[in-house]
Amino acid sequence: MSIRVVLVDPKHPGNIGAVARAMKNMGLTQLHLVRPKAFPDAEATARASGADDVLDSARVHEEFEDAIADCGLVIGTSARQRHLTFDLVEPRECAHLVAEAAQVGNVALVFGSEKYGLLNVELARCHRLVTIPTAGDYASLNLAMAVQVITYEILLATRPGAPVPPPPDVPFATGREMELLYEHFERVLEEVEFRDRTGGGQLMARIRRLFNRARLDQNEMNILRGILTAVQARRRVAGSKSQRGDG
Ligand code: SAH
């Protein structure tokens, strides 16, 4: 089980190098890059200092989903407090969640681009959002500095001698499993002609938010998939009966 850092759309290769260094200082080695503007790059290698091994083993993805597909806990980060739909956590609380979840599955710490931060489509795939408290209203840290603070707290929470939270009984559903659940949900909602009353077609976004807050484990996800399959089976039976005219 492992803890990875995911950088979405990083623009400056120097920041990627500085992130690798910050991670290695705190004992983390798995770096995932989603659409890096320039990578590999001499500037990244220079800024990584002695952490070129983290850069060398970094994985590059075109899609954010692929970077979190096998993760049971996905933590987003934001300088902005205005994501009202999230329960915001501070880095220390975040580190305890990570220490707990990393015992039974992979964990992703997700950081946004220097310019825009994380977009809604990425936030919709995060279970929790962590904000590093800052003084006044100048809240935006340099990307690598934000990685440093978050991973420092994780080091404190996971190093030998730190109180280990009890592991969850059942592993959490992974990013990929959740995507399959949402696809299934959407199919069934269409089949039963469920009307989206959210205004602006927000129904699936709301459902995602609900499940992200709940953070489903494998058993809970299987129950929901089973219910959806049962609804589909029932509709098929009802459909064939009414075709025969005996319904
Ligand atoms: N202009 C962007 C800031 C991006 S800073 C915005 O308004 O969102 C680049 C990244 O560093 C952010 O996406 C986030 O991952 C991280 N970061 C910067 N400041 C942070 C803070 N105070 N708390 C948590 N993450 C932060």
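Q: Which hand does the crossing of H1 and H7 have?
A: The crossing of H1 and H7 is right-handed. Keep in mind as we go that this is a predicted model. The residues that make the contact are Asn15, Ala18, Val19, Ala22, Met23 and Asn25 on the H1 side, and Leu143, Ala144, Val147, Gln148 and Thr151 on the H7 side.

Q: How do I read the packing of H1 and H7 in terms of angle and axes?
A: The general idea first: a pair of packed helices is described by two things, the angle between the axes and the distance between them. Here, helix H1 (residues 13-25) packs on H7 at an angle of about 15 degrees, and their axes are 8 Å apart. Angles under 35 degrees count as roughly parallel, so H1 and H7 are roughly parallel to each other.

Q: What is there to know about how residues are spaced along a helix?
A: An α-helix has 3.6 residues a turn, so residues three or four places apart point the same way. With that in mind, look again at the H1 side of the contact, where Asn15, Ala18, Val19 and Ala22 are among the residues that take part.

Q: At what angle do H5 and H7 cross?
A: Helix H5 (residues 91-101) and helix H7 (residues 143-158) cross at roughly 55 degrees, and their axes come within 8 Å. That makes H5 and H7 oblique to each other. Their crossing is right-handed. On H5 the contact is made by Pro91, Arg92, Ala95, His96, Val98 and Ala99, and on H7 by Val149, Ile150, Glu153, Ile154, Ala157 and Thr158.

Q: Which residues of H5 are buried, and what covers them?
A: Pro91, Cys94, Ala95, Leu97, Val98, Ala99 and Ala101 are buried in H5. Their cover includes H7 along with several strands: E1 (3-8), E4 (71-77), E5 (88-89), E6 (106-111) and E7 (128-130).

Q: What about H8 and H9: how do they pack?
A: H8 and H9 pack at an angle of about 140 degrees, with 11 Å between their axes. Angles over 145 degrees would count as roughly antiparallel, so H8 and H9 are oblique to each other. H8 passes H9 in a right-handed crossing. From H8, Met178, Glu179, Leu181, Tyr182, Phe185, Glu186 and Leu189 meet Leu203, Met204, Ile207, Arg208, Phe211 and Asn212 of H9.

Q: How many aromatic pairs are there in the whole structure?
A: A pair of aromatic rings is described by the distance of the centres and the angle of the planes. A search of the whole structure turns up two such pairs. One is Tyr182 with Phe211, which is stacked, at 6.2 Å centre to centre and with 25 degrees between the planes. Tyr182 is in helix H8 (residues 175-191) and Phe211 in helix H9 (residues 203-214), 29 residues apart, so to speak a link between distant parts of the chain. Both Tyr182 and Phe211 are buried.

Q: Why is the pair of Phe185 and Phe211 edge-to-face?
A: Because the planes of Phe185 and Phe211 are at 65 degrees, with the ring centres 5.8 Å apart; planes over 60 degrees apart count as edge-to-face. This pair also links distant parts of the chain, with Phe185 in H8 and Phe211 in H9, 26 residues apart. Phe185 and Phe211 are both buried. Taken together, the ring pairs link Tyr182, Phe185 and Phe211 into a cluster.

Q: Is Glu186 buried, exposed or partly exposed?
A: Glu186, which is found in helix H8, is partly exposed, with a relative accessible area of 40%. Glu186 and Met204 are 18 residues apart in sequence, and their C-alpha atoms are 7.5 Å apart in space.

Q: Where is Glu193 found, and what is its phi?
A: Glu193 is in the loop between H8 and H9. Its phi is near 55 degrees, a positive value in a residue other than glycine. Glu193 is exposed, with a relative accessible area of 69%.

Q: Which peptide bond is cis?
A: The one from Phe39 to Pro40 is cis, with omega near -5 degrees. Pro40 sits in the loop between strand E2 (30-34) and helix H2 (42-48).

Technical notes. Residues numbered from 1 in each chain as written. Predicted model: local features only at pLDDT ≥ 70, side-chain atom pairs only at ≥ 80, totals over all residues. Heavy atoms only, no water. Phe/Tyr/Trp six-rings, centres within 6.5 Å; stacked < 30°, edge-to-face > 60°. Helix = DSSP H or I, 4+ residues; strand = E, 2+ residues; numbered from the N terminus. Buried < 20%, exposed > 50% of the residue type's maximum accessible area, 1.4 Å probe, protein only. Axes fitted to C-alpha atoms, helices over the stretch in contact; angles between N-to-C directions. Parallel < 35°, antiparallel > 145°, perpendicular 65-115°, else oblique. Left-handed = near helix turned anticlockwise from the far one by under 90°. Contact = heavy atoms within 4.5 Å.
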